[in-house]
Amino acid sequence: MRSPFQLSTLVMIILLSVLAFMTVYPLGMIVFGSFRSSAPGDPGFWTLAGYREAFSDPSIIKAMWTTLFIGIARTVITMITAVFICWIVVRTDTPFKGGFEFLFWIGFFLPALPMTMGWILLMDPDYGFINRLWRSLPFLQNAGPLMNIYSYAGIIWAHIGISTSIRVIMFAPAFRNMDASLEESARMSGESNIGALIKITFPLLIPAIMGATLLGFIRSMEAFEVELLLGMPAKIFVFATKVYDLLRWEPPKYPPAMALSMVFMLLVFAIVFLNRWIVGSRQYVTVSGRGFLQRPIMLGKWKWATFSFCALYLAIFTFLPMTFLVIGTFMKISGLFNVPDPWSMRHWTAVLSDPLLLPSLKNSFIIGLAAGILGSIFFSIISYISIRTKLRGKNVVEFMSWLPWAVPGILLALGLLWVFLGGIVPMKFIYGTVYILIIAQIITEIPTGTRVFSGTMIQLGKELEESSRVLGASWIRTFRSIVVPILAPTFVAVGVLTFLSALRSIQTVVLLYSGKSRTLSILMLEHYIGLSPEKGMVIGVMITFIVIVVALIARAFGLKVGMKN
Amino acid sequence: MKILLPILVFIAALLITFLSCAAPQETVNAPANSGVPVTTEGKQSWELEWDKTLKAAQKEGIVSIVSTAGAPVRQALSDSFHKKYDIDLDIMMGKGSEVAARIISQRKAGLYMVDVYLGGATTVQTQLKPAGLLEPLERTFILPEFKDPEIIKKNWWGGQLRWLDDTHTNLAIASYSSPSLAVNTNLVKPGEIKGYRDLLDPRWKGKIILNDPTQAGTGGKHFGIVGSRIMGWEYWDQMLKQNPVIVVDQRLMVEWLAQGKYAVVLGVKPEIVQEFEEAGAPLDILSPVEGSYLTSGSGSITYMSKAPHPDAAKIFINWLLTQEGQTFFAKALGAPSSRLDVSTEGMDPNLVLKPGLKYVVSDDEKFSMEQADHFERAKRLFAPLLK
């Protein structure tokens, strides 16, 4: 007789409850707050005043269009570039391709604000190094700037390096899991390498590419720090700047900020349905039960062209800003070259002698490791249930996995604060500890981690699991014994991504940390608040160094485990 | 159906959330402070109180402080206080709105995690005090120098403790003149700009940077003070014609000034300019002839109600207000103390208050409450520049 209550149902109930608490609850606080006259928990009344105040700003519509324009331009450019780069470093015989892929990891984790300051030093229309060099050429002394960082193009440029890097990281596992025989068949039929890329590789990788691209588009809509720095002098304002402005008020204007963020929420819902419509029920299997071929595409003499492209790209978008970042830490004032004796070791001395450095480093590692390991397992379960099972409620699970990015990061942080301190599930006892930061970090990474897993899970053929179940294994056993080993590189990638995101996360932890759970990123923030950005940059360099070391270790570990057929 | 089910579940979850959000939390009483018995041992009563409080403070072992003053202040105070009393300082830094959001949410949840707030007065007056989280600071005073009017008159600027509100919950421990006006000395010759009026000269058109006047911060405060107390609002109407560039980031403003991109900056924190000057940049802070305003910057202090470490907090507050404590604090903050017996060596003389001069107060409760209107005025006025 069949049990009325199967294990799978229990797992689904638990998963739905946990996800609802992690995603729907904090967002619910935001939605609730948008229709109230005060913050959640404060006495107030129902009202639409927040919406009226938010949308009565005449510049809001223009800010929305600007945000869309920058978001679309940035997303399209970085998507095309990242697909091409992934193809080069994963599918071809380009020399040093492994090294290039590794360097893209580094590129993603370079801290955004110091990088932007570096671009200003290079591309300021008046004193930027590149423009001064340009004007030193014959007949160009009175020419306009070659590149102006305070422009739409400048803002997009400042984002390209990091945005492309994250897409390369997210696309790479899916490119890696592709059966080379599919492309070989195309070439045997007379197709060129580029033709095979466009007609075979790209269409099969649409789920991985679309998921990551849409995620990136949502993130670009939320971005504001770089836009605030570069946009204001050129009167370029984005939507997230408006939300940020409302939260900077003292006291903060929560109702209109939350009302504005409803636009984000609607956008995310639209994107979720768009993603589902595009991916649909088409087949994207590239890894099946008969094994898959992993052979690089031989480019012949063109491999030096692809090598040069990657080298030049990394030189411009990773090495150049990183160099300025490091140089800046050894200057009295970063970027101020035209003073007598601009150099100093004092920032390094101050940071290295700070008694808070080691405890902060320790906390960052604990939070990062725990979030990386637990998060990977959690995201893979969500993804597996959404993609590989027919369980009732799987669509709800998949929908909820998008929600942490349905509102700007700072509002999500507020939502989490209110949930942890005032919610129906008491979590006060762990408030201020590293445990709450681990949970918060996992929550914020749900969309990324789940999408990366989904992008590769969709490539697995059904016969792999069917064979296991025919032999009597449960779905948990199948997941553990079949799916996990194949997806080992993805586990490593997601784990490392989550670890490194936790290392540099500020918005997620800034409202939840205490003196005992202070992280390296918070220490960096404290220096920026203290108007000592050079010390913040020193910590930024330290974080970059840790990124390099962790990426090296992960690369060695991940590639060994996951490549067995 | 596939699309409908997730929506229905989402709506159901939202309803559950709404119902749980409605009721505010009840607060939990923290332990009450014990009374102070007086005994005769040849010591004065304040000394006996001090000894008893110090002993209890060392048992507590820590003071929890939230501050907007920056990492240099954290390091300076932590090291020196710990060395003297063997009590740790747990200082968490943040921006005003974040700090307040955290404290208020903690309190609502019955978590009492902060003893002292040390930072900008606006956060205190617009958020912490209205939420009922503060105690009168005088309740923490043990040392007689803070209770004796004659000693206060001798040691403190203006002859009294500079309270920023009527219930004495917020005390200004830094007091300095904030000219908020700096120039590039390669582009502005000495005497060319003596005050705000000179900035309206057409030769400075397009050469002025303004810190964002539409938000809380130095720029917003500067706009409000100059408009409402020093020059009148029509001054800003005239300034608009000079086509100033509006910038949010203070550091970027000063960098542009140092690079010679612009000639003048308004609404700037003098300590940033000082830092660039010390590095050799051709900058100078000017005191406008029309007058500067008095501010505490990030140098005001409050004592939180139901503090988790009340005795340690008292020792800290009393120590911080002494000459010794103020010397460490002022040096780390880079701004003059409210005490007259604390050295201003190394600080720009334009920041130091001159005896006998009248200064417009910019950090009291009255001004803080007007700021919301000032921001709206700035938004309307500078809308053409912000489009």
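1. In chain B, residues 24 or more positions apart account for 78% of the contacts with a separation of 6 or more, a contact being heavy atoms within 4.5 Å. This is a predicted model, in which local features need pLDDT of at least 70 and side-chain atom pairs count only at pLDDT 80 or more, whereas totals for chains, interfaces and linings use all residues. Residues are numbered from 1 along each chain as its sequence is written, chains are lettered from A and ligands numbered from 1 in the order in which they are written, and side-chain values use heavy atoms, with hydrogens and water left out.

2. Chain B holds 13 helices and 14 strands; these are DSSP runs numbered from the N terminus, with helices (H or I) of at least four residues and strands (E) of at least two. Of the 387 residues in chain B, 60% are buried, where buried means under 20% relative accessible area, exposed over 50%, and partly exposed in between, with a 1.4 Å probe and protein chains only. The accessible surface of chain B is about 15700 Å², with 55% of it belonging to carbon and sulfur atoms; such areas come from the Shrake-Rupley method with a 1.4 Å probe, and for residues only the protein chains shown count as cover.

3. Strand E1 of chain B, residues 62-67, has five of its six residues buried. E1(B) pairs in the parallel sense with strand E2 (residues 88-93) of chain B over six bridges, and B:Ile62 has B:Asp88 as its bridge partner in E2(B). Two strands are taken to pair if DSSP finds at least two bridges between them. E1(B) also runs parallel to E3(B), to which three bridges join it, with B:Val116 in E3(B) as the partner of B:Ile65.

4. In strand E3 (residues 116-119) of chain B, B:Val116 and B:Leu118 point one way while B:Tyr117 and B:Gly119 point the other way, and all are buried. In a regular strand the side chains alternate between the two faces of the sheet.

5. A separate point concerns the open sheet of three strands in chain B, which has the order E6-E12-E14 and mixed pairing. Its edge strands are E6 (176-178) and E14 (360-361) of chain B, each of which pairs on one side only. E6(B) and strand E12 (residues 293-295) of chain B run antiparallel and are joined by three bridges, and the bridge partner of B:Ser178 in E12(B) is B:Tyr293.

6. Between the chains, 69 residues of chain B are in contact with 78 residues of chain A. About 6600 Å² is buried between chain B and chain A, 63% of it on carbon and sulfur atoms; buried area is the accessible area (1.4 Å probe) that two parts lose on being put together, summed over both. Six salt bridges are counted between chain B and chain A, each being a side-chain nitrogen of Lys or Arg within 4 Å of a carboxyl oxygen of Asp or Glu. A:Glu534 forms a salt bridge with B:Arg251, and their closest N and O atoms are 2.3 Å apart.

7. On chain A, helix H1 (residues 7-34) gives the largest share of the nonpolar patch, four residues. A:Val18 is found in this helix H1 of chain A, and because its relative accessibility is 33%, A:Val18 counts as partly exposed.
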